[in-house]
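This report goes through a few local features of one structure. Please have the sequence and the model at hand while reading.

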Amino acid sequence: MAARRQALRLAAHALEQRLNADTSDHVGAELPCPCGSTAQYHGRHAKTFESVLGLLQLERAYYYCGQCQSGFCPRDRDLGLESFSLTPGVLRMTASAAALLSFEESSGLLRELGGVEVSTKQVERAAEALGAEIAVDERQHVERMGEMAPTMYLGMDGTGVPMRAEEVADRAGKQADGSAKTREAKLVTIWTAESRDEEGKPVRDPGSITYSAAIESASTPDTSPNLSDFAARALREATRRGFTEAARPVLLGDGSTWIWNTATELFPQATQILDRFHAKEHLSTVRKAIYGDSLEGKGWIDLRYDELDEGRLKSLVEALHVHAGQYKEARECIHYIWKNRRRMRYPEFHKQGFCTSTGVVEAGCKVAIGTRLKRAGMHWTLEGANAIIALRCGKLSGRFEDFWERRCDQRKRA
Ligand SMILES: [Zn+2]
């Protein structure tokens with residue numbers, strides 16, 4: 001570590017000297033100011049930047065505009081140094097860390113592994129700014145990425161993100177008094193499952209999964225010809241992954257109405273499957289209501305799971321009917337099964353070689369959103385949450401690298 005520190009210090013010193021000896025960024029007494037007026041040369045100004053080599057003190061030509069009372073350094077623009085006193089290299093490291101860890105943990109890890117000092121607040125600002133950029137980039141670039149397969153799976157799900165009080169002040173929610181503490185992030189995830197286990201059952205292909213998500217609406221007024229924000233997102237991700245062109249597109253989701261509405265609107269040709277994982281969760285809620293944790297309940301639920309797996313929905317509903325008078329959970333479950341019966345033809349789906357209980361969608365919400373945004377003490381603004389969701393989904397799905405390359409190219413051209 002000492003040797004590395006010393007090597008970095010030498011390199012930083014050499015770079016500093018080289019840049020400071022070059023005064024070609026002084027391009028005359030005046031420069032046009034972005035405000036439309038003219039900025040005057042005001043000498044060379046020194047400023048400290050955090051770079052991947054450690055601190056760099058750079059002296060740059062400074063131009064000041066009396067009209068808008070602000071100044072700028074042409075070299076900062078050329079070198080991409082306008083972001084939070086971080087060089088692009090450190091900015092990228094910061095974004096990578098913050099996509100995976102809390103801002104505070106990121107700051108600690110950058111110090112320990114990278115030998116660079118980025119405060120918690122700087123991490124937050126930089127990551128949110130870059131997250132907002134990658135969110136825009138995701139909307140603009142829908143080039144094909146990843147491997148296509150004959151059968152492709154698309155899952156949708158939602159999960160609540162804890163918000164700051166002022167962000168949910170006017171929203172109805174699930175709290176006892178009707179208020180809200182969270183807002184729903186909606187996720188679309190796409191994967192393939194061409195691999196087979198020893199029994200010949202389809203298994204998710206490693207590395208095939210991608211995510212895209214945001215806190216946004218999945219509905220539009222009936223009169224609107226436009227897709228909802230979430231439907232547009234799902235369509236972009238489907239296009240990117242070739243889902244729309246797959247021979248056998250499969251949609252997996254739980255029972256939420258917005259999921260199947262979006263699915264039917266966008267991909268009418270796809271086979272809709274109610275994720276068995278969610279169906280079992282529903283049945284287990286009924287079991288808890290009726291039997292609590294008793295052993296009797298265990299026998300009961302095992303029979304219900306068998307009925308579900310074997311597609312015997314009629315006897316499943318009959319077994320629930322016995323309790324429908326007394327338990328609202330049983331009534332709700334009957335309604336749920338009735339509504340989704342065509343999506344629960346599991347034996348038929350299995351004959352066709354489809355995955356029906358992946359847990360991928362459920363895990364997707366945890367991986368893409370929960371583990372980063374739903375930790376103790378976290379409360380988000382809408383902008384902040386969406387920026388970090390975009391950053392994390394981009395990082396987990398391999399879009400971040402393409403985004404960064406485009407960002408560097410744009411700057412080089414400018
Ligand atoms: Zn100006």
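## Basis

Contact here means heavy atoms within 4.5 Å. The model is predicted.

## Glutamate 307

Glutamate 307 is part of helix α9, which covers residues 295-309. Residues under 20% relative accessible area count as buried. Glutamate 307 has a relative accessible area of 7%, so this residue is buried.

Leaving aside residues up to four places away in sequence, glutamate 307 touches Arg312, Ser315, Leu316 and Ala319.

## Helices α3 and α4

Two packed helices are described by the angle between their axes and the distance between the axes. Helix α3 spans residues 88-100 and helix α4 spans residues 103-114; they pack at an angle of about 130°, and their axes are 9 Å apart. That angle makes α3 oblique to α4. The crossing of the helices α3 and α4 is right-handed.

On the α3 side, the contact is made by Met93, Thr94, Ala97 and Ala98. On the α4 side, Phe103, Ser106, Leu110 and Gly114 take part. Sorted by type, the residues in this contact of α3 with α4 are 5 nonpolar and 3 polar, with no charged residue.

## Cysteines

How many disulfides does the structure hold? The number is 0.

Cysteine 33 has a relative accessibility of 8% and therefore counts as buried. Cysteine 333 is also buried, because its relative accessible area is 1%.

Terms used:
Residues numbered from 1 in each chain as written. Predicted model: local features only at pLDDT ≥ 70, side-chain atom pairs only at ≥ 80, totals over all residues. Heavy atoms only, no water. Axes fitted to C-alpha atoms, helices over the stretch in contact; angles between N-to-C directions. Helix = DSSP H or I, 4+ residues; strand = E, 2+ residues; numbered from the N terminus. Parallel < 35°, antiparallel > 145°, perpendicular 65-115°, else oblique. Left-handed = near helix turned anticlockwise from the far one by under 90°. Nonpolar A, V, L, I, M, F, W, Y, C, P; charged D, E, K, R; others polar. Disulfide = S-S within 2.5 Å. Buried < 20%, exposed > 50% of the residue type's maximum accessible area, 1.4 Å probe, protein only.
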